[in-house]
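Please look over the charged side chains in this structure. The numbered points below go through their pairings.

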Amino acid sequence: MSKLKTALTSIALAGSLAAISVPAMARDTINIVGSSTVYPFATVVAERFGNQGDFPTPKLESTGSGGGLKIFCQGIGTNHPDITNASRRIKASELELCKSNGVEEITEFRIGSDGIVIASSKEAEHMDLTLQQLFLALGEKVPVDGKWVKNSYQNWSDIDSSLPNKKIVVMGPPPTSGTRDSFNELALAAGCDTLPEAAELAEEEHAAICESIREDGAFIEAGENDNLIVQKLVGDKNIYGVFGYSFLEENADRLQAAKLDGVAPEPELIAEDKYPVARSMFFYVKKAHIGVVPGIAEYAAEFVSPAAMGPNGYLKDVGLIVPTRDALMDLQKKLKEMPNLTADDLK
């Protein structure tokens, strides 16, 4: 028996023992929820996994990172998901929610990188934005004469004459999305912090001002369907959209991306965290379900295999910015050990 099979057998046995209090198996199909950004990659893995014939193809639902973690953390048992995907790391408050509902043992897998892009139709005027300009376009409040007031900028050119003289209209994800969380933190807050007025904000005021998006129509929430944003951009060259790099690459013949602080979203720059809005992606496994719902450990093994996430892996072919060799080796080690995620890990 191979070392991997031995490890998976041990994991399954451990999961079975941990799940003694879980109700008898009510399904034989893995249930996965979470990020719309990770969804396309997880779907490819699930289809490959199902085609191997040992287990049914997992069921996936795109709920957004926050929505997926909320569902995932509701409890143990086959009425609850086995795995959740996330385009940001789980928050300490979410880990606490899990624990309060009896979800005590979770293993975290960081599966690669992604960049959040500001995209438009190839027929639209290309933009080279600073993060400060992006914040001034989309922040709920902006500084005027030293005071934070409701954002009244209407056109991009109102912010800087070098920007297009057209109405600010940006489509993006809802608050339940990990992309929205990452965008607020990595783009808006970073742009806000370049303003001298931000340094004077009290700690409790900072997030409320620097990570809040205006609600007067300049930013349009498009739900958890990034393909809907793509379709809108193709049909209207006056709209810009916020989504993950993989959707840009998939539609490279129709869409373009703005530079942010002078950096274009190129895979190498994203992987090296040189693109300003680069972020990591994850999936989380509920260990108590291993050995109860068949195939969970094997699915995780397929996801983090060199065939999937190696330098020539099939996930790279569909747009994942795959981990480095050392990071992939760490994932292989994590698969064998399945360590429990703790609050200290999130500090």
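1. Start with arginine 279 and aspartate 114. Their side chains form a salt bridge, N to O at 3.0 Å. The term means a side-chain nitrogen of Lys or Arg within 4 Å of a carboxyl oxygen of Asp or Glu. Arginine 279 sits in strand 13 (residues 278-286) and aspartate 114 in strand 4 (residues 106-121), so the bridge ties together parts 165 residues apart in sequence. Helices (H or I, at least four residues) and strands (E, at least two) are DSSP runs, numbered from the N terminus.

2. Arginine 279 is buried, at 5% relative accessible area. Aspartate 114 is buried too, at 2%. Buried means under 20% relative accessible area, exposed over 50%, and partly exposed in between (1.4 Å probe, protein chains only).

3. A note on the model. It is predicted: local features need pLDDT of at least 70, side-chain atom pairs count only at pLDDT 80 or more, and totals for chains, interfaces and linings use all residues. Residues are numbered from 1 along each chain as its sequence is written, and side-chain values use heavy atoms, leaving out hydrogens and water.

4. Next, aspartate 181 and arginine 88. Their side chains meet in a salt bridge at 2.5 Å, N to O. Aspartate 181 is in helix 7 (residues 178-192), while arginine 88 is in the loop between strand 3 (83-86) and helix 4 (92-100), 93 residues apart. Both residues are buried.

5. Glutamate 272 is partly exposed at 47%, and lysine 274 is exposed at 52%.

6. The salt bridge count is 10.
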